[in-house]
Amino acid sequence: MSVSLSVSLSLCLSVFLSVSDLLLSDEVSDTTSDLMLAKMLQMQFDREFDDQLRREEKKFNGDSKVSISFENYRMVHPYEDSDSSEDEVDWQDTRHDPYRADKPQTTPRKGFTGKGKNITTKHDEVTCGRKNTARMDNFAPEVLVGDGLGMDLKLSNQVFNSLKQHCYSEQRRSARLHEKKEHSTAEQAVDPRTRLLMYKMVNAGVLEHINGCISTGKESVVFHADGGSLEEQPVPDEVVLKVFKTTLNEFKNRDRYIKDDYRFKDRFSKLNPRKVIRLWAEKEMHNLTRMKKAEIPCPEVVLLKKHILVMSFIGKDHVPAPKLKDVKLGSEDMKNAFYQVLHLMQLLYQECNLVHADLSEYNMLWHEGKVWLIDVSQSIEPTHPHGLEFLFRDWMSFTVLDVEVGAS
Ligand code: ADP
Ligand code: MG
């Protein structure tokens, strides 16, 4: 077959470019993974090859009534018409599987064979049995039917029907289980897509190792990880990954924080809820950057990837700094913390033009004798329609500290 030769150098070049585009557009770091790059390149090449083969086949057969199929010369990947993929492509499309064994031919089309006395109809026991065996091939892929197809097995109608019934109920049960499983992983915010993103970060060397979960809240799951390296910036030795939950229910209640924020207003209405979650992560990133500029003690942003925000770890040797809620402070430190929080609110308002909007002892950490602000995804500008309401609320929860300071 000279087909492979006809895949010209320019084609190879364009393949390479399109693959690198694909990688560079969204997953910049992926280019560092030689294996992934090679696999994608090969995949793209195979698809181009199949494409070319199709064209050759068409040209070869022309309008001829008898056509010759080039199917067996195709690469392993079945031919795909579209490049439709949002994030990951399901490469395992098996619409036409050239390697699938042919089903045994059971009854001829006309419904009977033979002549006169020797006529055999489609109701014949043996024929029916073979037909039933062949129909087992239509069971769901996860049902293991053995190799009865190849050994001239004859299934009676009764046996076949109860097998079919069992298969259907199994399928329904498995669907229910699967649903539950998917849901529960989504509850932990590490659904398969998220896991893949996290894996890619490790694979790209941004992270050395993901160690474990620090906290699972209503809206996010926070992981501790050892930092790796990024080209443009240093990555701290210890980082956290804040994974915003991809379950949507919590975010529905909170969209007023972002819907009325003029920074995100235009984009909000056009997005589906899944993409809105990414906005939360983005919002936290922007707010943290502003805060860092104003020298407010807070985590430093390392990287944002969809709904995963990587930032510096507040704590030491895998031990996160305690929340103000949990830390036992002496009266001096307590007073200190009080005035620090007061100052932080002021800085946040005046320098960053922000209202925290969820300021509480749960969202402040005590580290190296300082109060650190975290969890600012919902922070908004004072001009936000609810800005002053949230500021007042912050103030109220802050005065809880005031009472404690007064009491000590
Ligand atoms: P949520 O929106 O789920 O409340 P937070 O940002 O408040 O998310 O994080 C949840 C918990 O994870 C915090 O209470 C804190 O203990 C821990 N945490 C979050 N960010 C950091 C960080 N940068 N360093 C150390 N611990 C962190
Ligand atoms: Mg919080």
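Mentor: Before we start, two strands pair if DSSP finds at least two bridges between them, and strands are DSSP runs of at least two residues, numbered from the N terminus. This is a predicted model, where local features need pLDDT of at least 70, side-chain atom pairs count only at pLDDT 80 or more, and totals for chains, interfaces and linings use all residues. Residues are numbered from 1 along each chain as written, chains are lettered from A and ligands numbered from 1 in the order written, and side-chain values use heavy atoms, without hydrogens and water.

Trainee: Over how many bridges do strand E4 (residues 220-227) and E5 pair?

Mentor: Val222 stands opposite Lys242 in E5. The two strands run in the antiparallel sense, and the count of bridges is 7.

Trainee: And which residue of E7 is the bridge partner of Val239?

Mentor: E5 also pairs with strand E7 (residues 308-312), antiparallel over 5 bridges. In E7, the partner of Val239 is Ser312.

Trainee: How many residues of strand E5 (residues 238-244) are buried?

Mentor: Buried means under 20% relative accessible area (1.4 Å probe, protein chains only). One side has Glu238, Val240, Lys242 and Phe244, the other Val239, Leu241 and Val243, and all are buried. E5 is largely enclosed by the rest of the structure, because the buried count is 7 of the 7.

Trainee: Which residue has a backbone N or O atom 2.8 Å from a nitrogen atom of ligand 1?

Mentor: Ser312 has a backbone N or O atom 3.0 Å from a ligand 1 nitrogen. For the 2.8 Å distance to a nitrogen atom of ligand 1, the backbone atom belongs to Ile314.

Terms used
Buried means under 20% relative accessible area, exposed over 50%, partly exposed in between (1.4 Å probe, protein chains only). Helices (H or I, at least four residues) and strands (E, at least two) are DSSP runs, numbered from the N terminus. A polar contact is a pair of N or O atoms within 3.5 Å; within protein, one must be able to donate a hydrogen and the other to accept it, and residues adjacent in sequence count only if both atoms are side-chain atoms.
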